[in-house]
Amino acid sequence: MLVDIPQVLDAAEVLRCRRRLAEAGWVDGRVTAGHQSAQVKANLQLPEESEAARELGGLILGKLEGNPLFLSAALPARVYPPLFNRYAAGMGFGNHVDNAIRTLPGQAARIRTDLSATLFLSGPEDYDGGELLVEDTFGVHSVKLPAGHLVLYPSGSLHRVAPVTRGERLASFFWIQSMVRDDARRTLLLDLDTAVQGVRGELPAHPSLLTLTACYHNLLRMWGEP
Ligand code: NI
């Protein structure tokens, strides 16, 4: 399932990120790539331990903690500290699957990557090409969102970033270990939660709301790992 999460950052926060990234030191993006994806990856990244990455990563995580759609769609157990990438003209990232397990930087703990997130920091008008292309059983989905918007997609899906042909594409990217590992179950829980919220808005006193809410929590209890 692909989920667009609009306006994770507002215009002022996007500007703050872009200003900070403009003065940051970038390195070859292959530092976080596995052997196979390193062969198709051509972009720049902020070093994980850089002050700019920590500061802006903290801003993003803080915003996500208060974002109901992100929480409902991802059901996050652990979130990898956000990383930042930059594709100038001629850069791109060929088809790959993200590494399944990652060690959290500076810690012994590991994270299973259930979901990948891309937070767009450049607007679609800032560059040509640079679409995130995600494959699933329904075909290839092309994603190019306004600055400040985020997309969630299954980390196990084949995906790529089309070559940028004009301008520059700045983004943050990171991974999430979900309390619900299976994408189909997570999709069902999001659909159920969204439907319950919709009914609650229109018919707040409807007696079935209690049963539907109980079903949601009992499915989460059945499938979730804290
Ligand atoms: Ni990837």
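Predicted model: local features only at pLDDT ≥ 70, side-chain atom pairs only at ≥ 80, totals over all residues.
Residues are numbered from 1 along each chain as its sequence is written, and side-chain values use heavy atoms, with hydrogens and water left out.

**Nonpolar cores**

- Leu152 is also one of the four residues, with Leu9, Phe84 and Leu150, that touch the most other members of the largest nonpolar core, which has 31 residues.
- A nonpolar core is a set of buried Ala, Val, Leu, Ile, Met, Phe, Trp, Tyr and Cys residues joined through side-chain atoms within 4.5 Å.
- Elements giving two or more residues to this core include β1 (3-5), α1 (11-22), α4 (68-74), β14 (150-154) and β16 (164-178), while α3 supplies the largest share, six residues.
- Helices (H or I, at least four residues) and strands (E, at least two) are DSSP runs, numbered from the N terminus.
- Another core lies apart from this one and has twelve residues, including Tyr87, Phe93, Phe120 and Val164.

**Nickel site**

- The nickel ion gets its protein donors from His96 (NE2), Asp98 (OD) and His159 (NE2), at 2.1 to 2.2 Å.
- Donors are N, O and S atoms within 2.8 Å of the metal (3.2 Å for Na, K and Ca); water is not among the atoms, so sites may look incomplete.
- Along the chain, the donor spacing reads H-x1-D-x60-H.
- Both histidine 96 and aspartate 98 are buried, with buried meaning under 20% relative accessible area, exposed over 50%, and partly exposed in between (1.4 Å probe, protein chains only).

**Strand pairing**

- Strands β12 (residues 132-136) and β13 (residues 139-143) run antiparallel, joined by five bridges, and they form a hairpin with two residues between them.
- Two strands count as paired if DSSP finds at least two bridges between them.
- Valine 134 has histidine 141 as its bridge partner in β13.
- β12 also runs antiparallel to β15 (residues 159-161), with three bridges; there, leucine 132 stands opposite valine 161.

**Isoleucine 101**

- Isoleucine 101 sits in strand β8 (residues 101-103) and is partly exposed, at 49% relative accessible area.
- Setting aside residues up to four places away in sequence, isoleucine 101 touches Arg110, Ile111 and Arg112.
- Its C-alpha atom is separated by 34 Å from that of glutamine 197, 96 residues apart along the chain.

Notes: Contact = heavy atoms within 4.5 Å.
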